[in-house]
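The exercises below are meant to be worked with the sequence and the coordinates open side by side. Each one sets a task and is followed by a solution that goes step by step.

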Amino acid sequence: MRLLLALLLVLQAFNMSPAFAKSRPVEVIITDPFIEMHSGPGRGYPVTYVVGRDETVIVLYSRTEWYKVRAERGQEGWVRRSDLARARLESGEPAPIPPYPDFASHRWELGAGYGVFNHQNLVTGYVDFSLTDSLDAEFVLQQAFGTIDNRYVATIGLRHTFIPEWKWFSPTAGIGTGYQYIDDKVPPKPIEIHNQMAYVSLGLRGFITRRFMWRADWRKYDVFTHQNQNEEPEEWKFGLAVFF
């Protein structure tokens, strides 16, 4: 089961469209009084050039809601999708700039949640960084509260969102590695107090507002021990997140 999930994730990752996927360049004519070209894909980057009405730009490639373009004199920069979408082709037809949902254009995600880890109460916090429209790098810190011991778990991995443009819910899958530390509360002391671990995950996520979302996740761990058999705890959790 774990190998099948991991294989599914890898296949999906190779078949997705990357954030900088290049396509055939398109030349469009600006219809606004002007549009501003930034040095990077974001409002925080400085404006390096201004393209006027009736001037042409070549659309090179996109990164979420920002597009890299080249002006008539060779200047290159980034413009917002909403500005470029109002441009026209030489034939007079609208520029072929596909819509991109605002909620799916975030780069960072910060969240917390509550759940169950191997029958123990679990609190969790995580940070995600968007590598592409559908692939995130995820760092998670967790603590499981038990009657015999407390467990501290740190993991890092990749999470793939299968249909990122779906707003209300979208399935996810992940794979990663981590480390756990066991703090015993009642004697006897455990044979091993720290272990390396790996996991696969399945989940759902949906957006509440433009900046808030919910997430539900299931994880299956493989805890590597020096015993004859590895531990295989499961985890269920639900959380809320803010993204920017």
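Two residues are in contact when heavy atoms of theirs lie within 4.5 Å. The model examined here is a predicted one.

**Exercise 1. Overall make-up**

Task: State what share of the contacts between residues at least 6 apart in sequence join residues at least 24 apart, and describe the secondary structure and the burial of the protein.

Solution. Begin with the contacts: among those between residues at least 6 apart in sequence, 51% join residues at least 24 apart. Next, the secondary structure comes to two helices and 14 strands. Then turn to burial, where buried residues account for 45% of the 244 residues. Finally, the accessible surface amounts to about 13,600 Å², and carbon and sulfur atoms hold 60% of that area.

**Exercise 2. The nonpolar cores**

Task: Determine how many residues the largest nonpolar core has, which strand gives the largest share of this core, and which residues Leu84 touches.

Solution. The largest nonpolar core has 17 residues, and Val28, Val51, Val69 and Leu84 are those with the most contacts inside it. At least two residues of this core come from each of strands S2 (34–38), S3 (47–52), S4 (56–63) and S5 (66–71), with S5 giving the largest share, three residues. For Leu84, once residues up to four places away in sequence are set aside, the residues touched are Val28, Val57, Val59, Tyr67, Val69, Val79, Ala95 and Ile97. A second core, separate and made of eight residues, includes Phe117, Met197, Tyr221 and Val223.

**Exercise 3. Aromatic pairs**

Task: Classify the geometry of the Tyr61 and Trp78 pair and that of the Tyr199 and Tyr221 pair, and explain what each pair ties together.

Solution. A search of the whole structure finds nine aromatic pairs. In one of them, Tyr61 and Trp78 have ring centres 6.0 Å apart and planes at 80°, an edge-to-face arrangement. Because Tyr61 lies in strand S4 and Trp78 in strand S6 (residues 76–80), this pair ties together parts that are 17 residues apart in sequence. Burial follows from the relative accessible area, for which the limit is under 20%: Tyr61 is at 18% and therefore buried, and Trp78, at 6%, counts as buried too.

Tyr199 and Tyr221 form a tilted pair, 6.0 Å centre to centre with 55° between the planes. Since Tyr199 is in strand S12 (residues 194–207) and Tyr221 in strand S13 (residues 212–223), the parts tied together are 22 residues apart in sequence. Both Tyr199 and Tyr221 are buried, and together with Phe117 they form one aromatic cluster.

**Exercise 4. Salt bridges**

Solution. Arg159 and Glu138 form one, with their closest N and O atoms 3.8 Å apart, which falls within the 4 Å limit. Arg159 belongs to strand S10 and Glu138 to strand S9 (residues 135–145), so the pair ties together parts that are 21 residues apart in sequence. By way of contrast, Asp83 and Arg86 meet in a salt bridge of 3.0 Å, N to O, where Asp83 is partly exposed at 22% and Arg86 partly exposed at 40%.

**Exercise 5. An exposed tryptophan in a loop**

Task: Locate Trp168, state its exposure and list its contacts beyond its neighbours within four places in sequence.

Solution. Trp168 sits in the loop between strand S10 (149–161) and strand S11 (170–184). Its relative accessibility is 60%, so Trp168 counts as exposed. Leaving out neighbours within four places in sequence, Trp168 is in contact with Arg205, Gly206, Phe207 and Trp214. From Trp168 to Gly206 the C-alpha to C-alpha distance is 4.5 Å, although these residues are 38 apart in sequence.

Methods:
Residues numbered from 1 in each chain as written. Predicted model: local features only at pLDDT ≥ 70, side-chain atom pairs only at ≥ 80, totals over all residues. Heavy atoms only, no water. Core = buried A, V, L, I, M, F, W, Y, C linked by side-chain atoms within 4.5 Å. Buried < 20%, exposed > 50% of the residue type's maximum accessible area, 1.4 Å probe, protein only. Helix = DSSP H or I, 4+ residues; strand = E, 2+ residues; numbered from the N terminus. Phe/Tyr/Trp six-rings, centres within 6.5 Å; stacked < 30°, edge-to-face > 60°. Areas by Shrake-Rupley, 256 points an atom, 1.4 Å probe, with all protein chains shown as cover. Salt bridge = Lys/Arg side-chain N within 4 Å of Asp/Glu carboxyl O.
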